[in-house]
Amino acid sequence: MNKTGIVKITIMLLDSLAILLPIALALNQYGQNIHKLFTPSYEPPKIDISPGRFLGFRIEDRNLYATFEFMNRGEVKVIFESLNAMVYTSKGTPVASASLSRRISLEPGGVENVTFKLAFNTTVWDALTPLLLDENSVELKVNGTLTLGILGSKVIIPVSLPLAISRFELELAG
Amino acid sequence: MELVDTLSLNRRVNTLGVAGSLLLLYVVLSDKPWWILTGGSSGERAILIELSPFTFTMEVLGRPLTIPVVFYVNLAAKLSILLAIATTALGSILASKPWSNPMISVKGLILPILFIVGVFTLPQIAQLTVGLSGIPILGESNMRYAFKSGEAEVVVEIPLKSEITIHYWIALAAGIISIPAKILQGRIAKPSKR
């Protein structure tokens, strides 16, 4: 064999070694559990937003504002971007639309007041008083989607919030 | 033949081979990504993928995601290219020897081509494995992903942006140089005698 042939074979052998060596290392490390070699390893950050105290109602003409305290017990900042929902009575009749009064940013470990705005077609009193005829409170349900901002992404989650307003709270808010 | 003499410093050294191997060495040692995908907006990053044949970094929501096999694939690529660099550099210095011709490697060109083909297949792989669509190879797009969390359907929307970095183009340039380097080597080296 001439020198060119020897060089070619040597390079081919070294090339094979460059491929085989990592394979050998991989098998040495994961030989008993090849599946683990291809399994992604990931630990997501904790995302935990939970409502705290209810802080009260406020009425402004056709709008009813309900404020809740929210806590971020997670490890990433969460932004309440928007709420797109309808408000229904206990009989399923839509009476108002619901949205966030403003965008709220919740840092990890932080607590913020989040205000939901319920917009009625008439004044709040005119809308809710008929529902209080024989009852001491009005049972409403807010159904829709809440959009959260997490690290530049939008997460849209369905929400279904029960809301009970007593006659006393309504009078106080007005 | 004047050009051959000039480029080979009077048939002593394959300058194109030396230049190509030095460029390729920079690419390997710099460890920079060739393709980057980021997801998020307003300066925040929900997803980051930095990819090259020699390195792989992935972060989701600020936390690293690792796949063990990728380390070994990167290692194999690195060893293979380092070998190509070594043989090309040595062959370029020993250009006058007829047996040095096989030492000039074109792996430096094959790798960027294979890499870009791999990047083009990524969206299909993501679709087949985890049902993710809308991953841009180059440019921007909006990815929308829906999944069940209990009985509720949660939708995630992430603006994505991807780019091929300058380091890919440097690697490709180094690879392209290997072709005229291989041709030049053949012109410089004298025929071998049995």
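Author: In this predicted model, the domain assignment divides chain A into domain 1 (3-38) and domain 2 (49-173). The C-alpha centres of domain 1 of chain A and domain 2 of chain A lie 62 Å apart.

Reader: How many aromatic pairs does the structure hold over all chains?

Author: Over all chains there are 13 aromatic pairs. In one of them, the ring centres of A:F68 and A:F116 are 5.8 Å apart and the planes stand at 70°.

Reader: Why is the pair of A:F68 and A:F116 called edge-to-face?

Author: Rings pair if their centres lie within 6.5 Å, and planes over 60 degrees apart count as edge-to-face. The centres of A:F68 and A:F116 are 5.8 Å apart and their planes are at 70°, so the pair is edge-to-face.

Reader: What makes this pair a tie between parts that are apart in sequence?

Author: A:F68 belongs to strand β3 (residues 63-72) of chain A and A:F116 to strand β7 (residues 111-120) of chain A, so the pair ties together parts 48 residues apart in sequence. A:F68 and A:F116 are buried, that is, under 20% relative accessible area. Both also belong to one aromatic cluster, formed with A:F54, A:F57, A:F70 and A:F80.

Reader: Why is the pair of B:W34 and B:Y168 edge-to-face?

Author: The planes of B:W34 and B:Y168 are at 70° and the ring centres 5.7 Å apart, so this pair is edge-to-face. The pair links distant parts of the chain, 134 residues apart: B:W34 is in the loop between α2 (15-30) and β1 (35-39) of chain B, and B:Y168 is in helix α5 (residues 166-188) of chain B. B:W34 and B:Y168 are buried.

Reader: How do you know that the charged end of A:R58 sits over the ring of A:Y65?

Author: For an Arg, CZ must be within 6 Å of the ring centre and within 35 degrees of the ring normal. The charged end of A:R58 is 4.2 Å from the centre of the A:Y65 ring and is assigned as sitting over that ring.

Reader: Which residues lie nearest the centre of the second largest pocket, and how many line it?

Author: The lining holds 16 residues, and A:I19, B:Y72, B:V73, B:A76 and B:A77 lie nearest the centre. The volume of this second largest pocket is about 250 Å³. At least two lining residues come from each of α1 (3-30) of chain A and α3 (68-93) and α4 (107-130) of chain B. α3(B) gives the most, with seven residues.

Reader: How do the lining residues of the second largest pocket divide?

Author: The lining comprises 14 nonpolar residues, one polar and one charged.

Notes: Residues are numbered from 1 along each chain as its sequence is written. Chains are lettered from A and ligands numbered from 1 in the order in which they are written. This is a predicted model: local features need pLDDT of at least 70, side-chain atom pairs count only at pLDDT 80 or more; totals for chains, interfaces and linings use all residues. Side-chain values use heavy atoms; hydrogens and water are left out. On a 1 Å grid over the protein atoms alone, a cavity is a set of points where a 1.4 Å probe fits but cannot get out, and a pocket is an open set with protein on both sides within 12 Å along at least five of seven lines; lining residues have an atom within 4 Å of a point. Grid points are joined across faces, edges and corners, and a volume is the space filled by probe spheres set on the points. Helices (H or I, at least four residues) and strands (E, at least two) are DSSP runs, numbered from the N terminus. Ala, Val, Leu, Ile, Met, Phe, Trp, Tyr, Cys and Pro count as nonpolar, Asp, Glu, Lys and Arg as charged, and the others, Gly among them, as polar. Rings of Phe, Tyr and Trp (its six-membered ring) pair if their centres lie within 6.5 Å; planes under 30 degrees apart count as stacked, over 60 as edge-to-face and the rest as tilted. Buried means under 20% relative accessible area, exposed over 50%, partly exposed in between (1.4 Å probe, protein chains only). Domain bounds come from an automatic or database domain assignment.
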